[in-house]
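Thank you all for coming.

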Amino acid sequence: MEGFQSNRRAVEQRTRMLEQAAMLAAANYIKGMGQTYSRKRSGDTARSITAQTKMLGDQVVGIVGSNQDNAIYEEFGTGIYAEKGGGRRDKWVYKDKRTGNFYRTQGKKGTRAIRNAGEQHKADIIRIIQQTMRGGLGG
């Protein structure tokens, strides 16, 4: 066809960039909600929550999590309160890093902060993705 110029590559590239921007916006929203739902004794766990995007094949995925040691215990619980009953059953003693005091415990309940942030706000997340995609496509 004479005179026809395909813009397919440019459109696909723009769409991929919009998908990444939309997913990052959604991941950042979940991050913020996770920070809101986490315990606030020191705020270390909340501050350690991060959001990023990654390509898995041709799919953009959002990753929200924390690499802080305590974050997994905050999310899933410990001892008799551990999710799915996987914690230890006996009591133990630990030293609090902040106060230096020793405490006896059977565990702590998980907050499920990050999981709840995603699961309880699905409609908001969908809206954020849709608005980002519409805005970038001029719609």
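Let me start with Ser48, which sits in helix H2, the helix that covers residues 44-48. Please keep in mind throughout that what we have on the screen is a predicted model. Ser48 has a relative accessibility of 15%, and because the limit for a buried residue is under 20%, Ser48 counts as buried. Which residues does Ser48 touch, once those up to four places away in sequence are set aside? They are Gly65, Ser66 and Gln68. For Gly65, which is 17 residues from Ser48 along the chain, the separation between the two C-alpha atoms is 8.2 Å.

From there I would move to His121, placed in the loop between helix H4, residues 113-119, and helix H5, residues 122-137. His121 also counts as buried, in this case with 12% relative accessibility. Leaving out residues up to four places away in sequence, the contacts of His121 are with Tyr29, Met33, Tyr37 and Asn116. Gly85, by contrast, is 36 residues from His121 along the chain, and their C-alpha atoms are 27 Å apart.

Met33 brings us to the largest nonpolar core, which consists of five residues, namely Ala26, Ile30, Met33, Ala117 and Ile125. Helix H1, residues 8-37, supplies the largest share of this core, with three residues.

Is Asn7 buried, partly exposed or exposed? With a relative accessible area of 47%, Asn7 is partly exposed. Asn7 and Ile63 are separated by 56 residues in sequence and, C-alpha to C-alpha, by 31 Å in space.

Two backbone angles deserve a moment before I turn to the whole chain. Lys84, which lies in the loop between helix H3, residues 71-76, and strand E3, residues 92-95, has a positive phi near 60°. Lys84 counts as exposed, at 81% relative accessibility. Arg112, in the loop between strand E4, residues 102-105, and H4, likewise has a positive phi, near 55°. At 30% relative accessibility, Arg112 counts as partly exposed.

Now for the overall picture. The protein has five helices and four strands, and along the sequence they follow the pattern α-α-β-β-α-β-β-α-α. The radius of gyration is 21 Å, whereas the globule rule gives 14 Å for 139 residues, so the protein is more spread out than a compact globule. Along the principal axes, the C-alpha trace spans about 80 × 25 × 25 Å.

What share of the 139 residues is buried? The figure is 27%. The accessible surface comes to about 9,900 Å², and carbon and sulfur atoms account for 50% of that. If we consider contacts between residues at least 6 apart in sequence, 63% of them join residues that are at least 24 apart. As for charge, there are 25 positive and 13 negative side chains, and the centres of these two sets lie 7 Å apart.

That is where I will stop, and I am glad to go back to any of these residues on the screen.

Notes. Residues numbered from 1 in each chain as written. Predicted model: local features only at pLDDT ≥ 70, side-chain atom pairs only at ≥ 80, totals over all residues. Heavy atoms only, no water. Rg over C-alpha atoms; globule rule 2.2 N^0.38 Å. Buried < 20%, exposed > 50% of the residue type's maximum accessible area, 1.4 Å probe, protein only. Contact = heavy atoms within 4.5 Å. Areas by Shrake-Rupley, 256 points an atom, 1.4 Å probe, with all protein chains shown as cover. Lys, Arg positive; Asp, Glu negative; His and termini not counted. Charge placed at Lys NZ, Arg CZ, Asp CG, Glu CD. Core = buried A, V, L, I, M, F, W, Y, C linked by side-chain atoms within 4.5 Å.
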